[in-house]
Amino acid sequence: METPPVDEICRRFGKLYVAAIADALDDAGLWHQVMTDVLPLTTDMAVAGVAFTALGRPERSTDRSVRLGARMIDELSAGEVAVLDCAGDRTVGHWGELLTNGAMARGAVGAVIDGGVRDTGAILPLKFPIFNRFRSARDAKGRWNVVDMQSPVVCGGVRVHPGDIIVGDSDGVVVVPRAIAMDVLVEAEATVRTETEIRQRVRAGESVGTLYQQYERF
Ligand SMILES: O=C([O-])CC(=O)C(=O)O
Ligand SMILES: [Mg+2]
């Protein structure tokens with residue numbers, strides 16, 4: 001199978017839903033690709049893009065020369081999703097409105113934060129999809145710092161490599177390893193077609209139990 005360009009792959013993933021992609025990954029034996037407790041700021045948010053990863057950790061320094069959070073934004077490219085591993089920190093807003101504006105100016109398509117978001121009121125009108133664990137007005141400066149970029153990270157309990165495909169919607173975020181992205185895409189598209197067929201039959205009044213046995217999925 002010839003592999004289409006990654007923006008085409010992302011466009012096709014973006015037409016699906018996270019649950020169908022998660023099912024396709026389960027069928028491929030990858031049972032741990034859906035992030036835990038990382039959810040969209042609002043349920044209408046959706047994203048499909050290429051992972052740009054960053055890792056941060058608690059740090060007391062306020063020295064701007066060692067703080068990479070803002071520089072990370074300058075490294076983002078069109079079609080990318082910023083994926084931030086916050087090393088379990090639950091105290092600060094790791095992402096905010098200025099970082100959002102910067103990411104948008106670079107053509108990034110979303111952010112997945114394994115931590116907190118601040119400036120929510122200013123972010124929502126921007127319609128930039130952000131997936132996070134919690135909100136906190138507390139500044140990261142003097143408390144937490146980005147220390148590495150484009151290395152493998154863990155976000156919502158899922159390993160993310162730079163270049164993986166990130167898909168998010170109202171259910172949360174799924175990570176598709178880049179090497180199998182095309183196979184998962186084709187499988188997930190088939191899942192959506194099957195579910196469309198099942199839905200029509202359910203609505204027509206057929207037995208849900210019988211349909212479940214027949215199609216071997218829901
Ligand atoms: O300062 C930060 O780390 C986040 C922030 O408030 C912004 O992006 O506006
Ligand atoms: Mg701010």
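Predicted model: local features only at pLDDT ≥ 70, side-chain atom pairs only at ≥ 80, totals over all residues.
**Figure 1. Helix 7 is followed by Glu216, a residue with positive phi.** Helix 7 itself takes in residues 208-215. At its start, look for Ser207: a side-chain oxygen of this residue reaches to within 3.3 Å of the backbone nitrogen of Gly209.

**Figure 2. Seven residues may be picked out by name around ligand 1: Gly96, Glu97, Leu98, Leu99, Arg118, Asp119 and Asp139.** Sorted by class, this shell holds four charged residues, two nonpolar ones and one polar one. Ligand 1 sits in the largest pocket, which is the subject of the last two views.

**Figure 3. Oxygen atoms of ligand 1 face Arg118, Asp119 and Gly96.** For Asp119, the corresponding side-chain distance is 2.9 Å. On its own, ligand 1 has 270 Å² of accessible area, and the protein covers 80% of that.

**Figure 4. The largest pocket has a volume of about 500 Å³.** Its lining is made up of 22 residues. If you want to find the centre of the pocket, the lining residues nearest to it are Arg67, Ala70, Leu99, Asp139 and Ala140. Of these, Leu99 and Asp139 also belong to the surroundings of ligand 1.

**Figure 5. Helix 3 gives the largest share of the pocket lining, with four residues.** Which elements give two or more residues to this lining? They are helix 3 (69-75), strand 4 (93-95), helix 4 (97-105) and strand 9 (144-149). By class, the residues lining the largest pocket divide into nine nonpolar, eight charged and five polar.

How values were computed
Residues numbered from 1 in each chain as written. Chains lettered and ligands numbered in written order. Heavy atoms only, no water. Near = heavy atom within 4 Å. Polar contact = N/O pair within 3.5 Å; in protein donor to acceptor, adjacent residues only side chain to side chain. Areas by Shrake-Rupley, 256 points an atom, 1.4 Å probe, with all protein chains shown as cover. 1 Å grid on protein atoms, 1.4 Å probe; cavity = no way out; pocket = protein on both sides within 12 Å on 5 of 7 lines; lining within 4 Å. Sits in = over half its atoms within 2 Å of the grid points. Nonpolar A, V, L, I, M, F, W, Y, C, P; charged D, E, K, R; others polar. Points joined across faces, edges and corners; volume = space filled by probe spheres on them.
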